[in-house]
Amino acid sequence: MTVTAQTVQTAAARPAAARRPILVAASVCLLSFAAFWAAQRAAGVSMIDLMVYRAEGETVRAGRDLYAMRATEANLPNTYPPFAALLFTPLTLLGVPGMRTLATAGNLVLLVALVRLSLRLVGGGSATTVLLAAALAVWCEPVWTTLRYGQINLLLATAVLWDLTRREGHRWAGAGIGLAAAVKLTPALFAVFLLITGLVRARGAGSPARNPWLRQAGTATAVFLGATVTAAAVLPYDSHRYWTRMIFEANRVGHAEDTANQSLRGVLARLLHTGDPGPWWAVAAALAAVAGLAVAVAAELRGERAGAVVACTGTALLVSPVSWSHHWVWCVPAVLFLAARGRVRAAAATAAVFCSYTLWWVPHGPGRLELAQNIGQMTLSALYPLTALAALVTVFTLWRTNRSA
């Protein structure tokens, strides 16, 4: 058989043609990230939370009281468990400009990882899709605000999703959730979700069976306790103070009615025009926790891991006393889940909500202006929780549809 020059040229051209989409996507992603970085610098972002993290590390190294610490011109306190402060000590070895650059670059890399894991969760996606989705996701309000403050939300979300996209029986599945919960308590709800799922499956199995949920919940709990005990050994006074007092002082973080607080507690505070919604929030949070976890467990047991994750995430953000807008970086997997399940309009609407920055259109800032919001302003400043509730309904609907099929 004769091989012509044209055949050779055609075969050589195929790899180049196959690489072209990913090269274009990589270029688009880099340009988007570069524009984002320039916009953040032009806006003079303070990265104020990153400065607080650095101050926590300095406080640990100096042996001072971690929860008496105040940092930055805003006089901000430490609100995280002591284990987080141990992790922040390396920040003290960096100069402030270098630390800010490293934090920004690291968060952009973590955003790509979050998109990659989110696509794996919903069934997969090419490298081209990952890069293009990341190029768009960087402009949504939770991601913008995360980088603006130098927050760790993308790191925690990536750690949790790493766990939830491992193969069944993976040795370290659960470790990411445990570490994330030791740094910031909200991810602990994922361990509760896994525990309940495992218990329901064990009860319905009728005979001994593999139960990866209980194993993963156990790993998460063990890692959380290990990290917490380590912190207690190094920082005994601070650990005792946090777990016996500070954990119960939700108002120490900020005013409940702050428009940036996108939890049910924040919504009720603005709705009732009070800084303390009291038992109303307790009842609403309890109902949301029961309903949200029920939807998540049902979806998980039907094989819809992605829907279960979206339901559990929405529930955690709703019931937390304070869910700042930058905590909602979980909108990225939520949008990709809706799109992957054919709910294109819902995905577009959800993306529009998180890219609209509408919660900042209402009166806010010094003077507790949120306490006097009208109904339209309260609606705008409640769009994230409303979107989470809509996502729960969507997951429930998909579960019911699949069950009937």
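Reply: Methionine 47 sits in the loop that links α1 and α2; helices here are DSSP runs of H or I with at least four residues, strands are runs of E with at least two, and both are numbered from the N terminus. The model is a predicted one, in which local features need pLDDT of at least 70 and side-chain atom pairs count only at pLDDT 80 or more, while totals for chains, interfaces and linings use all residues. Residues are numbered from 1 along each chain as its sequence is written, and side-chain values use heavy atoms, with hydrogens and water left out.

Let's begin with the backbone. The phi of methionine 47 is positive, near 50°, in a residue other than glycine. For context, most residues other than glycine have a negative phi. Methionine 47 has a relative accessibility of 1% and therefore counts as buried (buried is under 20% relative accessible area, exposed is over 50%, and partly exposed is in between, with a 1.4 Å probe and protein chains only).

Serine 46 belongs to the loop between α1 (5–42) and α2 as well. Serine 46 has a relative accessible area of 35%, so it is partly exposed. Setting aside neighbours within four places in sequence, serine 46 is in contact with Met51, Arg100 and Arg148, where contact means heavy atoms within 4.5 Å. Glycine 266 lies 220 residues from serine 46 along the chain, and their C-alpha atoms are separated by 24 Å.

Now for the helix that follows. Helix α2 (residues 48–62) and helix α4 (residues 96–122) have axes that come within 11 Å and cross at roughly 120°. These axes are lines fitted to C-alpha atoms, for helices over the stretch in contact, and the angles run from 0 to 180 degrees between N-to-C directions. The two helices, α2 and α4, are therefore oblique to each other: angles under 35 degrees count as roughly parallel, over 145 as roughly antiparallel, 65 to 115 as roughly perpendicular, and the rest as oblique. On the α2 side the contact is made by Leu50, Met51 and Arg54, and on the α4 side by Val96, Met99, Arg100 and Ala103. Sorted by class, this contact of α2 with α4 holds 5 nonpolar, no polar and 2 charged residues (Ala, Val, Leu, Ile, Met, Phe, Trp, Tyr, Cys and Pro count as nonpolar, Asp, Glu, Lys and Arg as charged, and the others, Gly among them, as polar). Met51 and Arg100, both in this contact, are also among the residues that serine 46 touches.

Beyond α2, threonine 72 lies in the loop between α2 and α3 (82–88). Threonine 72 has a positive phi near 65° in a residue other than glycine. At 33% relative accessibility, threonine 72 counts as partly exposed.

Further along, threonine 165 is in the loop between α7 (153–164) and α8 (175–183). At 13% relative accessibility, threonine 165 counts as buried. Neighbours within four places in sequence aside, threonine 165 is in contact with Leu117, Arg120 and Leu121. The side chain of threonine 165 also reaches the backbone oxygen of leucine 161 at 2.8 Å.

By class, the contact of α7 with α8 has 8 nonpolar, 1 polar and 1 charged residues.

Finally, back to glycine 266, which is one of the buried residues of α12, along with Leu264, Arg265, Leu268, Ala269 and Arg270. With 6 of its 8 residues buried, helix α12 (residues 264–271) is largely enclosed by the rest of the structure. The cover over the buried residues of α12 includes α13 (279–301), α14 (305–319) and α17 (375–380). Just after α12, histidine 273 takes a positive phi of about 55°.

Note on methods: Polar contact = N/O pair within 3.5 Å; in protein donor to acceptor, adjacent residues only side chain to side chain.
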